[in-house]
Each structure stands twice: as C-alpha cells, then as structure tokens.
Amino acid sequence: MDKNRWFEAAAKEGFESFEIYRLLSEERKFTWFEGTLDSYVTSHVLGTSFRGVIDEKLVNASSEDTGDEQMDDILSSMKAQAAMITSDVRASLAKPQEITFAEKKKPASFHPDEIRAFLKKTEEKILAYDERIFQVGDLEYEEGRERRTIVNSLGLDVCDTSGVNVIVASAAAKQGEEIRTHYEFEAVEDIHTFDLDEFVRTLCEGVLSRLGADTPASGNVPVIIDRKALTSLVRAFSPMFCGESVRKGISPLCGKMDTKVFSELITVIDDPSCLEALQQWPFDDEGCPTKRKLVVDHGVLKTILHNTASARAMNTESTGNGFRGSYSSPVDVSPRNFWIEPGEKTQEELMAEMGSGILITEFAGLHAGLDHVSGDFSLQCSGFAVKDGKKAEGLTLFTAAGNILTLLSGVKAVGSDLKRGLSSTVTPSVWFESLAISGK
Amino acid sequence: MLEKKELEKYLSLCMKSEADFAEIYEEDQISEDIAMLNEQVEKVSRTITRGAGIRLYKGLSSVYAYSNETDEESLTALINDLRGAIGEKQEGRDVVLTRVNYENRHPVKVQFDDVSQDERVKLLVRVCQGAKSVDERIVKVQSGLLNVRQEVQISNSDGRLISDTRVRTRIRANAYAREEGRMQSGFYGPGAGMGLEFYETEIPEEIGKAAAETALVNLRAVDCPSGKMPVVIDNGFGGVIFHEACGHALEATSVSRNQSVFAGKLGKKIASSCVSAVDDGTIPNAWGSQNIDDEGNFQQRRQLIKDGVLTSYMIDTLGGRRMGMASTSSSRRESYQYEPTSRMTNTFITEGTSTFEELFEGIEKGLYAKKMGGGSVNPQTGEFNFSVQEGWLIENGKITVPVKGAALIGSGEEILMNIEKVCSNLKRAEGMCGSVSGSIPTDVGQPAILVSSITVGGTSNG
C-alpha cells in the first residue's frame with residue numbers, strides 16, 4: 001500500500017489530516033482433548049483502519065480489502081460520514097513526538113511436535129494429581145504475534161511488535177454427585193522451562209478446594225477479595241477513570257478531581273510502558289507516547305485517562321491512553337498496565353487479622369451485573385469461608401452486592417500479592433470492611 | 001467471493017490429505033455504526049470484513065485456518081499448512097460442487113445504504129426526542145444505530161455450494177435520569193433480521209421512551225432484598241434465564257464432551273411439566289434467524305423441551321460426530337475468524353396457560369423482575385447468573401416499590417424444576433450471545449414465568 005498516494009488523495013478530498021493504522025495478527029492455537037490433538041487453528045490477518053479529519057471532525061473506516069483500487073470508494077465514503085457528524089467535539093490526529101522504546105524480550109515459537117508433547121504432558125499431570133479430577137476440559141496453547149504500524153499525513157510513522165504465548169487449562173473434579181470446575185491461564189515464555197508443576201498444582205488445588213462447597217448465610221460481612229477476583233472487578237469498572245465517560249458525565253468520578261474518592265490505602269497507577277509488566281505499549285493506538293500516571297494517590301483522584309479527542313474536549317493533553325478494542329473499532333480510552341499499589345501483608349496475614357469473614361476468589365457475570373454510571377454491582381461469587389483467621393470450607397452460589405466507590409473507601413488493608421501477568425490490569429488482594437452477601 | 005472452479009480446486013487440494021471432510025467459508029460483510037449523544041452525531045464507523053476460513057476434519061479432530069488474504073498464493077499456503085497438520089497425501093478425490101438454490105425466508109425491503117444519511121441519523125434523533133419527552137429529569141441520551149449486511153458462501157467436500165445474505169439492524173438507547181445528584185440509567189435495544197423497514201413498526205420514539213422509563217424507575221429504587229425468594233420474571237428479555245440456565249448446556253459444544261449437566265438426559269424430565277422450549281432459526285426476519293447455518297445446512301426449528309422432557313440438543317457436524325448424532329443445523333460463528341460450533345438462534349420458552357395475575361397469587365414477599373440484563377453460565381456445573389435491570393418488590397401478591405438491580409443466581413437443573421407457572425404472553429427480545437465461536441445475534445424469549453425460589457443478590461439484609 002502506497003501511503004503517500006493515500007495521503008495525497010485524501011488531501012484532494014478535503015481531509016486536513018489522514019491516518020493509516022495497520023495491525024498484522026498471526027496466531028497458532030493447539031487444543032488438546034482426551035489424549036489427542038483436538039484442533040489446530042492458524043491465522044494471518046492484516047487489518048487496516050483509516051482515520052481522517054475534515055473541518056475538525058474525525059471519521060473512522062476499516063477494511064480488509066485495501067487495494068489501491070478501493071481508495072476512491074473508501075475516501076468518498078469517509079467524506080460522506082464526516083458530513084453526518086454534528087457533535088461539537090473537535091478532533092485532530094497526533095503529531096510526531098519522541099517515543100522511548102523499551103527492550104522487549106520476545107517469546108520463542110515452538111515446533112508442533114514440541115507443543116503436542118507439552119500439552120500431552122500437561123494433561124497427564126493434571127489427571128494424575130488427584131483421583132477426583134476426572135477431566136481436563138479445555139487445554140489450549142496459543143502463540144500470538146502482532147505488528148502494529150501507524151502513519152499519518154502529519155509525519156507520524158511508528159511501528160512496534162508484540163508476542164505472547166499462553167497456556168489455558170481447565171480441570172473438572174467430582175465427589176459423589178457434585179462436580180466442580182476451575183481454570184487457569186498463564187503466559188509461557190518457553191515451554192521447556194515453564195514451571196508446569198506449579199501451574200498444574202494451582203489448577204488442581206483450585207478445583208479440589210471447591211469440592212464440598214456450601215452456600216453462606218446472607219448478611220453484611222467482612223471480606224477479602226483475592227487478587228484475581230479484585231483484578232476482574234477493577235478491570236470491569238475501569239471505564240470510570242476514562243475521559244470519554246467523564247466527558248459524557250456518566251462516570252461516578254465526574255467532578256471529583258483532587259478529592260478523596262477511595263480509602264487513603266488505595267493508590268492506583270497506569271503505565272503502559274511499565275517494564276515489570278508482561279507487555280509494553282511505548283505508544284498508544286493514535287501514536288501518542290505513553291507514560292506513567294498516578295491515577296489515585298492515597299485515595300485522592302489525580303488523573304483521568306485521555307485520548308486526543310477526550311483530552312481536547314476537556315482542555316487537557318492526551319495521557320497516551322487512546323487504544324482500540326480491535327483494529328476495526330474506533331480509538332477509545334482505556335488503561336494499559338493499570339494496578340493498585342501493593343501493601344505489606346500476605347493474604348494469609350490478612351485472613352489472620354480478619355479472623356472471620358469470606359474470601360472471594362471469583363466473580364461471574366461481570367459483563368452484566370454492574371452499573372457503570374452509579375458504580376453499583378451485584379455479582380455471582382465463589383470463594384471460601386474464613387474462620388479463626390484461616391481459610392476454611394469452600395463457598396459457592398452466593399452474590400456480593402455494593403458500590404465500587406463505597407467498597408474501595410472501606411479498605412482495612414491492602415495485600416502484598418500483586419502479580420503481573422496476562423491481564424494488563426492487576427491488583428493485590430484487599431481486605432474490605434463489609435460487603436452485602438446473599439446466600440441461604 | 002471465489003468462483004466455483006477455484007473452490008473445487010482448493011477443496012480438491014484439501015482432500016489430498018488424511019482429512020475426510022473439507023469446508024471453505026467465505027465472508028464479505030459491511031457494517032455501519034452511528035453513535036449519538038443527545039441529538040449530536042459523535043461517531044460514524046464503517047467496517048468491511050472480508051476473508052475466508054478453511055476447515056478440515058479427520059475423525060474427531062479438526063484443523064482450521066483463516067486469513068483476509070484470499071489470493072491463490074495465500075490460500076494455497078494456508079491449505080498446505082493444514083494438510084501438514086492433519087497429514088498430507090499425494091492422492092485424493094476431486095471435489096465437484098453443485099450450487100444449492102433456495103427461497104429466501106428473510107426478505108429485506110430497505111437496505112440501510114439505500115436511504116440517505118440524513119434519514120439514518122434522523123432515526124436516532126427521534127430516539128433521543130422520545131426519551132426526553134418522558135420527563136425533564138432525563139438529562140442525557142446515548143443512542144446507536146447498527147446496520148450489518150453479511151454475505152457468506154460455504155462450500156464443502158461433499159459437493160455442496162450455498163450462499164446466504166444476512167441483514168440486520170438494531171437501535172440501542174441508553175437514557176440517563178438525574179435527581180438530587182443521583183444518576184441512573186435505563187437501556188432498550190430492539191433489533192431484527194431486517195432492513196430499515198423495521199422502524200416502521202418499532203417506532204424510534206418508543207425505543208427512547210422505554211429506556212427513559214426504566215431510568216426513572218431506577219431513580220426511586222430502594223435497596224433490593226437478598227436471599228432466596230419467589231421471583232416473577234417478565235416476558236421478552238426475561239428469557240435470558242432459559243438461555244443461561246439451560247440453553248448453553250444443551251449445545252453440543254458442552255454436551256458432546258460430557259461437560260454439561262444435561263448430557264445423557266435425552267427423553268428424561270429436566271424441567272417442570274409446564275415448561276416447553278424451542279430453538280427456532282427459521283422465524284422470518286427474526287434477529288437470530290438465518291436461511292442456512294454456518295456449515296451451509298438449512299436452519300431448523302428444534303423442540304428442545306416438551307412438557308418438561310428433554311427432546312433435542314443443538315448440534316453442529318463435528319459435535320454430532322462426537323455424539324453419534326446428526327447435525328441439527330446449529331453451527332454458527334461470529335465471522336470467518338472463528339471456527340464454528342453449536343450455538344443458539346432464537347431460543348424461548350413457549351406459551352403456558354396461566355394469566356399474568358395468577359403468577360403473583362399467594363406471594364407474601366418476592367421479586368418481580370420486569371426487565372433483565374445479561375448473564376453467564378458454567379454448563380458443567382449448571383451454575384448461572386443474570387442481572388435484573390428493573391425490579392419491583394412483590395408484597396402480599398401485589399407489585400409495590402421498585403428495587404435496585406440485582407443478580408439472580410442458581411443452578412440450572414434446580415431452576416428449571418422450580419418454574420411453577422408459565423403465562424401466555426410470549427415475547428422475544430434481541431441480544432448478543434458470546435461463546436467459543438464469537439459474539440452472535442440471538443433472540444431470547446418467554447412468556448412471564450413464576451420461579452418458586454431463586455437467590456436474589458440484593459444489598460438489603462434487613
């Protein structure tokens with residue numbers, strides 16, 4: 001694709017500036033089931049998105065057919081789209097800025113025979129762990145590679161590559177008529193040095209500890225939310241920190257800049273370039289450099305995340321958080337490498353101090369059970385009773401309901417168990433004063 | 001789309017392997033999404049999706065490759081990669097294709113790009129005006145108009161060559177109500193497998209009003225009670241209970257691997273006798289309908305449960321091989337980027353005999369779930385959840401005060417048995433269903449039902 005030809009043609013159509021975003025994604029996925037390779041998926045997709053600005057109005061189009069013969073059609077369609085926009089939000093594309101590229105270690109790719117052997121061994125180890133484990137439901141190994149390129153008529157020309165290997169496994173265990181399942185996923189740098197025993201132990205202990213689970217009584221009780229469960233809750237509520245929601249007045253954090261929104265024990269950071277994280281984004285999907293931001297400082301809201309459009313609408317600068325959900329979706333605002341700063345105590349120490357209550361290890365239904373405007377949530381949970389300061393019997397089929405601002409304001413202690421991984425949002429376990437539990 | 005001769009060449013190459021079946025799925029889709037805040041158009045996005053997915057089976061194993069580069073060199077490379085993975089052979093049978101023609105059950109009158117941009121935008125302006133006309137406390141309205149036209153062509157080594165064009169449209173409306181610093185929202189998002197003629201009967205102003213009314217009710221909602229209680233779930237999107245509590249667990253995706261609570265239960269009673277349910281992909285112009293499934297088989301109406309007895313699963317070809325059963329034409333996928341598997345279409349509990357009033361009789365304290373949100377399920381344990389968007393308290397058989405949204409949770413096996421009464425006011429509603437083969441349009445539906453006991457996840461433990 002000849003970018004200059006596109007830029008010239010776009011200028012002729014009246015575009016003040018024009019951007020071409022390309023994402024090449026390649027994937028190999030191996031699925032193993034009951035002793036054999038169940039499926040193998042391979043893909044090669046080059047997605048292209050265009051953004052153009054006319055009269056300070058921004059339009060998007062994406063196409064998987066971008067031969068130069070499509071150019072006139074795409075440009076005239078984009079020009080027509082610009083005429084539809086009546087919003088007074090003014091837009092512009094990113095000018096070239098200095099970007100610091102961090103050293104990234106690329107994961108290796110492996111031969112299909114090595115991957116088959118790895119999956120076979122994983123399944124065998126899971127089934128051999130305990131006789132109550134009767135099935136390895138999903139067992140997948142995936143290698144994904146991406147190459148991201150953004151060029152625009154203002155002179156921006158940036159490119160980066162990323163890659164990740166992932167293993168996903170679920171195990172099912174049975175005791176009498178009761179069946180429980182649990183799954184784990186982990187990034188795999190090298191299948192030969194990957195700590196498979198630890199992965200299998202976490203998975204198997206996860207499912208076995210759920211057997212014999214009971215439903216707790218309803219009531220308001222102190223809770224510790226395990227790091228993985230809290231990560232999922234914070235990730236689901238993360239739009240409240242984003243300029244798009246704040247600009248539209250539909251974030252519970254609207255108008256609360258520099259005020260105390262959470263407990264002073266809560267500090268939140270967003271840093272897409274963070275070297276300790278699994279993945280780094282030196283620039284966002286608009287080509288703006290990314291940086292470390294203190295989002296919440298000891299409970300006080302300090303930063304709202306922005307892309308260029310939301311920043312301009314709120315008279316500020318982009319924070320380098322303009323990201324796309326996929327290559328074809330418009331640039332939105334979202335966090336990348338977003339975390340709650342860890343405290344001093346292990347989860348065991350938090351339980352010992354809490355004495356009695358509930359340890360929530362999983363939320364379900366996060367796509368539906370929360371209200372982004374009010375911050376209210378009501379979610380299916382599973383976890384464990386905490387008795388005499390120790391993890392006791394498993395708990396299932398109960399709900400936890402509350403409000404995210406109230407919850408994060410009632411923090412007793414923040415755990416030390418922050419662990420970076422596949423999710424770019426991470427939190428440690430946190431002990432909260434109280435949450436409404438509905439069970440028996 | 002590829003020509004018949006090219007497809008025959010590629011499929012014949014696929015069969016020079018240990019594969020016993022090969023399939024090529026081609027897709028060419030255009031979609032447009034217009035997003036509006038109040039009466040201002042904020043975003044317009046057009047997306048063209050064009051690519052192909054190639055699948056080979058060998059017994060119970062499958063290999064799949066997809067790309068949006070469909071030139072001869074790219075496709076040949078993909079096929080050779082798959083042949084290598086499944087086992088290459090120098091010899092194989094030549095595939096000869098025969099095109100299958102049929103009558104389109106889902107005709108479209110007004111293609112979205114046949115009307116002017118101004119007219120498309122005006123639909124959303126009307127949504128906003130409808131919402132704001134309800135009450136001055138409606139301070140914000142976000143709306144969107146999605147239009148999709150997907151063309152698919154499916155060919156396979158059995159010699160079948162068949163095409164389908166799927167058109168669908170949907171308006172989504174979010175209304176925000178504010179009073180004394182408190183803000184609440186309401187959502188309504190009807191759609192259909194139709195063109196813009198849909199909005200001749202589904203009036204945009206009414207879509208806005210419906211969203212606004214839910215937001216206003218939620219403004220005065222009090223804390224929801226918690227614990228187990230009887231729940232009346234209203235018709236339409238209330239059917240999400242069946243979709244989660246039962247539907248997913250009847251898909252071959254989980255049944256064929258013995259990962260469903262309903263595996264091995266054909267002919268057995270799995271629900272209360274007042275429950276019958278179907279999955280019907282043939283309803284003309286419904287949101288979840290198609291002429292053919294994504295393996296090129298004609299869509300069907302499947303009677304899943306009859307008077308409480310399990311009568312059918314939803315099965316795709318590969319799942320059927322595992323189960324020793326025929327496909328029920330239930331294979332679906334979001335796009336060429338997904339290998340298809342068994343999925344729902346328009347899935348609903350059919351009409352019962354109770355009146356709406358009878359559902360409330362004798363309930364001392366319970367919940368009336370008037371509007372539902374989404375949910376999820378673990379098919380292997382049957383544990384599911386779904387959220388209430390607009391709920392009301394039932395006290396002494398009467399609907400009294402609105403309560404805040406809450407999750408309803410339970411186990412599928414138990415809940416189906418706890419459906420005590422089914423009303424006669426069947427209604428379907430549109431949603432998006434996410435699973436291993438992506439996000440696809442499906443209808444849920446039911447008449448209003450009474451569930452004798454279900455866990456309500458409220459905040460009030462008083």
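Leaving aside residues up to four places away in sequence, Val231(B) touches Gly366(B), Leu367(B), Ala369(B), Leu408(B), Val451(B), Ile454(B) and Val456(B); two residues are in contact if their C-beta atoms, placed from the backbone, lie within 7 Å. The model is predicted, and local features need pLDDT of at least 70, side-chain atom pairs count only at pLDDT 80 or more, while totals for chains, interfaces and linings use all residues. Residues are numbered from 1 along each chain as its sequence is written, with chains lettered from A and ligands numbered from 1 in the order in which they are written.

Val231(B) is one of the residues that touch the most other members of the largest nonpolar core, together with Val232(B), Ile233(B), Ala369(B), Leu408(B) and Ile449(B). This core has 119 residues. Strand S19 (residues 430-438) of chain A gives the most to this core, six residues. Apart from this core lies another, of 70 residues, including Leu37(B), Val41(B), Cys128(B) and Tyr199(B). A nonpolar core is a set of buried Ala, Val, Leu, Ile, Met, Phe, Trp, Tyr and Cys residues joined through C-beta atoms within 7 Å. A residue is buried if 20 or more other C-beta atoms, placed from the backbone, lie within 10 Å of its own, exposed if 12 or fewer, and partly exposed in between.

## Chain B as a whole

Chain B has ten helices and 23 strands, where helices (H or I, at least four residues) and strands (E, at least two) are DSSP runs numbered from the N terminus. The radius of gyration of chain B, 24 Å, is close to the 23 Å from the globule rule for 462 residues, so chain B is as compact as a globular protein of that length. The radius is taken over C-alpha atoms, and the rule is 2.2 Å times the number of residues to the power 0.38.

Along the principal axes, the C-alpha atoms of chain B fill a box of roughly 75 × 55 × 35 Å. Of the 462 residues in chain B, 61% are buried. Among its contacts between residues at least 6 apart in sequence, 75% join residues at least 24 apart.

## Domains of chain B

The assignment for chain B gives domain 1 (4-32 + 46-99), domain 2 (112-151 + 162-216) and domain 3 (227-457); such bounds come from an automatic or database domain assignment. Over C-alpha atoms, the centres of domain 2 and domain 3 of chain B are 25 Å apart.

In chain B, 13 residues of domain 2 are in contact with 13 residues of domain 3. On the domain 2 side, strand S6 (160-179) of chain B supplies the largest share, five residues.

## Contact between the chains

The contact takes 63 residues from chain A and 62 residues from chain B. Strand S2 (residues 40-58) of chain B gives the most to the chain B side, with twelve residues.

Strand S2 (residues 36-54) of chain A runs parallel to strand S3 (residues 61-67) of chain B, joined by six bridges; two strands pair if DSSP finds at least two bridges between them. Val41(A) has Tyr64(B) as its bridge partner in S3(B).

## Strand S15 of chain A

In strand S15 (residues 376-387) of chain A, ten of the twelve residues are buried. Strand S14 (residues 357-364) of chain A is antiparallel to S15(A), with seven bridges, and Leu359(A) has Phe384(A) as its bridge partner.

S15(A) also pairs in the antiparallel sense with strand S16 (residues 390-403) of chain A, over ten bridges. The hairpin of S15(A) and S16(A) has two residues between the strands, and Asp388(A) takes a positive phi near 50° there.
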